[in-house]
Structure formats: structure tokens, C-alpha cells
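Me: I have a protein model open and want to learn how to read it. Can you take me through it feature by feature?

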Amino acid sequence: MDDEAYMTLALEEARTAAAEGEVPVGCVVVHRGNVIARAHNLRESLQDPTAHAEIVALRQAAEVLGHWRLEGATVYCTVEPCCMCAGALVNARVARLVYGVADPKSGACGSVLNVPAERRLNHRFEVLGGVLEAEALELLRRFFEPRR
């Protein structure tokens, strides 16, 4: 599978989030060509400020691998991660992040902050944005329009 195929899985998770009344963000973790975690936002459902799709997926991936180091993993997220999630990706030692739409208000992988490129941190990872961006943006628009 390629980046678009894995992002399609993340978009499926984002659609599930929207159907549950959650902000439509989905995340998939791929390790050695295998999907080892799939998650979506659960902040409202769990009343947990840390239950972002990325955090939930990283926890699942660590459980599958039996350790917290996700070296070699690629994380696919429909929206650019925030500073909490970008920090978690650094701490998990992921190799690569692929995201759909940039977040100009709280994105921490190049938009507002650039955590993955911060030289003072102990780990950096590759970032590719804009994969299936239109689809991710449309999900967000459909979710937020009636709420404004």
C-alpha cells in the first residue's frame, strides 16, 4: 500500500469520529508494512483531553509491539498533529508522519510550531503533509459548519 491508501484508512477513522460527535480526526500506525493501530478522536466520549486520535493510536501500537519505541513506524493522521501529539511522536521514536490537512491554529509539524525539526530534542522524524488534503478538509468543514 502507498501513502494515499493508508491515509484512506485514517479518513475512515475520521468519519467514525464525526458519526460519534467527535472532531473528525483519524490516525493509523503502520510498522513494517502492517497496520498495527487505527484510532480516532475520543475526547468527548472519554472526557479525556489527551484522547486525540494520535495518542490513542500510539498507545495501541505500543501494546501491539510490546514496547513504547515505535522505531520504523509511519503515522498517518488526517490533520496535522498538535504540540501534545507531535511530542508524543517524538517520544515514540516514529520514523515518519504523513498528514492530510495542515492546522494553521494549532499544528505543530510546520504550521504554528515545528516540533519534528526541533534540533534540541532527542529525536526527529520525516514529515509529509497534504496527502488527501481535500478529503480531510471536507470532513472538517462538514463537521464544523452546523456548529458555527
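Me: How many salt bridges does a search of the whole structure find?

Reply: First, the ground rules. This is a predicted model: local features need pLDDT of at least 70, side-chain atom pairs count only at pLDDT 80 or more, and totals for chains, interfaces and linings use all residues. Residues are numbered from 1 along each chain as its sequence is written, and side-chain values use heavy atoms, with hydrogens and water left out. Now the idea: a salt bridge is a side-chain nitrogen of Lys or Arg within 4 Å of a carboxyl oxygen of Asp or Glu. The search finds 6 of them here.

Me: Which residue forms a salt bridge with Asp 3?

Reply: Arg 96 does, with the closest N and O atoms 2.7 Å apart. The two sit in distant parts of the chain, 93 residues apart: Asp 3 in helix α1 (residues 3-19), Arg 96 in strand β4 (residues 96-101). Helices (H or I, at least four residues) and strands (E, at least two) are DSSP runs, numbered from the N terminus.

Me: Is Asp 3 buried or exposed?

Reply: Use the cut-offs. Buried means under 20% relative accessible area, exposed means over 50%, and partly exposed lies in between (1.4 Å probe, protein chains only). Asp 3 has 18% relative accessibility, so it counts as buried. Arg 96 is buried too, at 17%.

Me: Which other residue forms a salt bridge with Arg 96?

Reply: Glu 126, with closest N and O atoms 3.3 Å apart. Glu 126 lies in strand β5 (residues 126-128), 30 residues from Arg 96. Shared partners join Asp 3, Arg 96 and Glu 126 into one network. Glu 126 is partly exposed, at 47% relative accessibility.

Me: What does the salt bridge between Arg 38 and Glu 12 tie together?

Reply: The N to O distance in this salt bridge is 2.9 Å. Arg 38 is in strand β2 (residues 34-40) and Glu 12 is in helix α1, so the pair ties together parts 26 residues apart in sequence.

Me: Where do nonpolar side chains tend to be in soluble globular proteins?

Reply: They tend to be buried together. A nonpolar core is a set of buried Ala, Val, Leu, Ile, Met, Phe, Trp, Tyr and Cys residues joined through side-chain atoms within 4.5 Å. The largest one here has 48 residues. Those with the most contacts inside it are Met 7, Val 29, Leu 58, Val 75, Val 94 and Leu 97.

Me: In what order do the strands form the sheet?

Reply: Two strands pair if DSSP finds at least two bridges between them. Here 5 strands form an open sheet in the order β2-β1-β3-β4-β5, with mixed pairing. The edge strands are β2 and β5, each pairing on one side only. β4 and β5 pair in the parallel sense over 3 bridges. Leu 97 has Val 127 of β5 as its bridge partner.

Me: What describes two packed helices?

Reply: The angle between their axes and the distance between the axes. Axes are lines fitted to C-alpha atoms, for helices over the stretch in contact, and angles run from 0 to 180 degrees between N-to-C directions. The axes of α1 and α5 come within 11 Å and cross at roughly 0°. Angles under 35 degrees count as roughly parallel, over 145 as roughly antiparallel, 65 to 115 as roughly perpendicular and the rest as oblique. α1 and α5 are therefore roughly parallel to each other.
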